[in-house]
Amino acid sequence: MSNVGDWNEAAAELNAIVASFDEGEVSVDDLFVKLERATAIIEALESRLDATRAKVEELAPRLARVAEDQ
Amino acid sequence: MDEQAKSEGAEILEVGEFYQLLTAQLEAAYGRRFPRWIRGEVAKVYEKSHLYVDLVDAGSSPGDAKRPVLNAHCWATQWNVLKRRLAGEGVSLKPGAVVNVFGYVDLYAPQGRIGFTVTEIDVSGLIGDVARRRAELIARLQAEGLLEANKRRPLSPVPLRVGLVASPQTEGYNDFTGQLLRSGFGFDIVLVTTTVQGEGAPPQIVRAIEALDVAEVDVICVVRGGGSKGDLACFDDERVARSIAVAHTPVFTGIGHTGDESVADLVAHTRAITPTKLGEELVSLVSLWRERNVRLPAQRLANATEALLDEATEYVAERRRTMIFAVRDRLRAEQRHLVSLRQRLLIQGGFVLESAARMLASTRQLLGAYDPHRRLAQGWSIATTREGTIVRSIGDVQLGDSVRVRVSDGSFESTVTEKNGVPS
């Protein structure tokens, strides 16, 4: 998996790629490169989300016990 | 007088008979069937199962050898009843106390003494005196600013380390500690055992408060279950009130039943109406802190985490959709562009071919105009020298030269016999 930096850096790069598409700045030659990069970033972000969600779900019951204990 | 002084012939009573007569007379006037109220100041008091109390006129001087004394007594059966009632009112018979006693006269012949059997004691005067002394104490404490002093002590937001002034194994102690133990919170109880009633209680309570005040506890709780006013009298003691007022640690009280309010309650930081309520108050404080600082933040954290994850998930999904559509749109746009170019090329190519065809036809037509066969057919001829060079000028040939002349249907040989120039 490509190095995409931390979440904010990755999101910023992804946003920039999407913006370049929105503004029609992407040439056909660049299209695949940018799509490949965007895909790598999205996969990296999803992977991090999955890992984070798994950790959160592990902690959530403990937090819920504290939050729900009257 | 002399005759009268002689006992001869007179009725002579034996001592016992005299006492019988006297007793009968007294009983007829002041006996059991004719009880009355007597007011007196307690001069001496002695209790040994029965109560023995010497009453004198209120305000009379002890040095007055002639002041009347009433030797009153209350038999144990009745005294036990009265004693409980007195204790309940928080009063006791002490020298100097002025009381109204109800009873009757009796004569104790063996000692030749007239006594007074007490069947009832009215202590309203004493109660009024207690109330007056209590009011005076409260006024003094107020004037010194001591009623509010302990209330100004800052209270730990989580008062888990509890100094306890109480008598273990009493109902009040169990009620209070039961609340703390059942709460599930980690209360750390530092107990200083004291008696909580009687004359010895105030000094013990004061020492306990002073000891706990330097024991780094969060709060000092003075606990005592319900009882009579007399049982609770130690909490109206000035020494106890002052020790609470000047303590650096907040002092909470849970003394007696609902409705009992001691001076200790008045000077305390916080007063609960019973030991149980005091325990509930402490648990409530910790619960409130936990609610504010643990449970609600945990709830907010859980909600925020869920929201953040949902937001991040939605963000990534949205970016994924956007990328898919953007790429597809971009490819479609390029495809449309290529199609457009192709169509333009096709259209333009047709024009070019058509133009070329037209140009070719024109050229062909033009060339046709210059076709030698056509010219020959029109009667033109082409002369060439022997070497095959086209004769374009009279200078190209000499007289006598042989030239070939081509016409539409063949050629013939000819000899140059004359040359004539065309006048310009």
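**Starting at the hairpin**

Select B:K44 and B:D54 to begin: B:K44 stands opposite B:D54, which belongs to strand 2 of chain B. Keep in mind as you go that this is a predicted model.

Now widen the selection to the two strands around that pair. Strand 1 of chain B and strand 2 (residues 50–56) run antiparallel, with 7 bridges joining them. Zoom in on the turn: the hairpin has 1 residue between its strands, and B:S49 takes a positive phi near 65 degrees there.

**Around the barrel**

Next, go to the other partner listed here for strand 1. Strand 1 (residues 36–48) and strand 4 (residues 98–108) of chain B pair in the antiparallel sense, over 6 bridges. To find your place, pick B:I38, whose bridge partner in strand 4 of chain B is B:V101.

Then select strand 3 (residues 69–74) and strand 5 (residues 113–122) of chain B, which pair in the parallel sense over 3 bridges. Click on B:H73 here; its bridge partner in strand 5 of chain B is B:T117. Strands of a sheet can pair either way, parallel or antiparallel, through backbone hydrogen bonds.

What do the 5 strands in chain B close into? They close into a barrel, in the order 1-2-3-5-4, and the pairing is mixed. From one strand to the next, the twist averages 50 degrees.

**Along helix 10**

Zoom out and select residues 275–369 of chain B. This is helix 10, with 95 residues, and from its first C-alpha to its last it reaches 136 Å, close to the 141 Å expected at 1.5 Å a residue.

Color the buried residues of helix 10 next. They include B:P275, B:L278, B:G279, B:L282, B:L285 and B:V286, and also B:V316, B:R319, B:M323 and B:A326. For reading that pattern, remember that an α-helix has 3.6 residues a turn, so residues three or four places apart point the same way.

Show all of chain B. Its secondary structure comes to 11 helices and 13 strands. Of the 424 residues in chain B, buried ones make up 23%. Among contacts in chain B with a separation of 6 or more, 65% come from residues 24 or more positions apart.

Last stop: bring in chain A. Here 19 residues of chain B are in contact with 22 residues of chain A. On the chain B side, that contact surface has 10 nonpolar, 4 polar and 5 charged residues.

Note on methods. Residues numbered from 1 in each chain as written. Chains lettered and ligands numbered in written order. Predicted model: local features only at pLDDT ≥ 70, side-chain atom pairs only at ≥ 80, totals over all residues. Pairing = 2+ DSSP bridges. Helix = DSSP H or I, 4+ residues; strand = E, 2+ residues; numbered from the N terminus. Axes fitted to C-alpha atoms, helices over the stretch in contact; angles between N-to-C directions. Expected span 1.5 Å × (residues − 1). Buried ≥ 20, exposed ≤ 12 C-beta atoms within 10 Å, placed from the backbone. Contact = placed C-beta atoms within 7 Å. Nonpolar A, V, L, I, M, F, W, Y, C, P; charged D, E, K, R; others polar.
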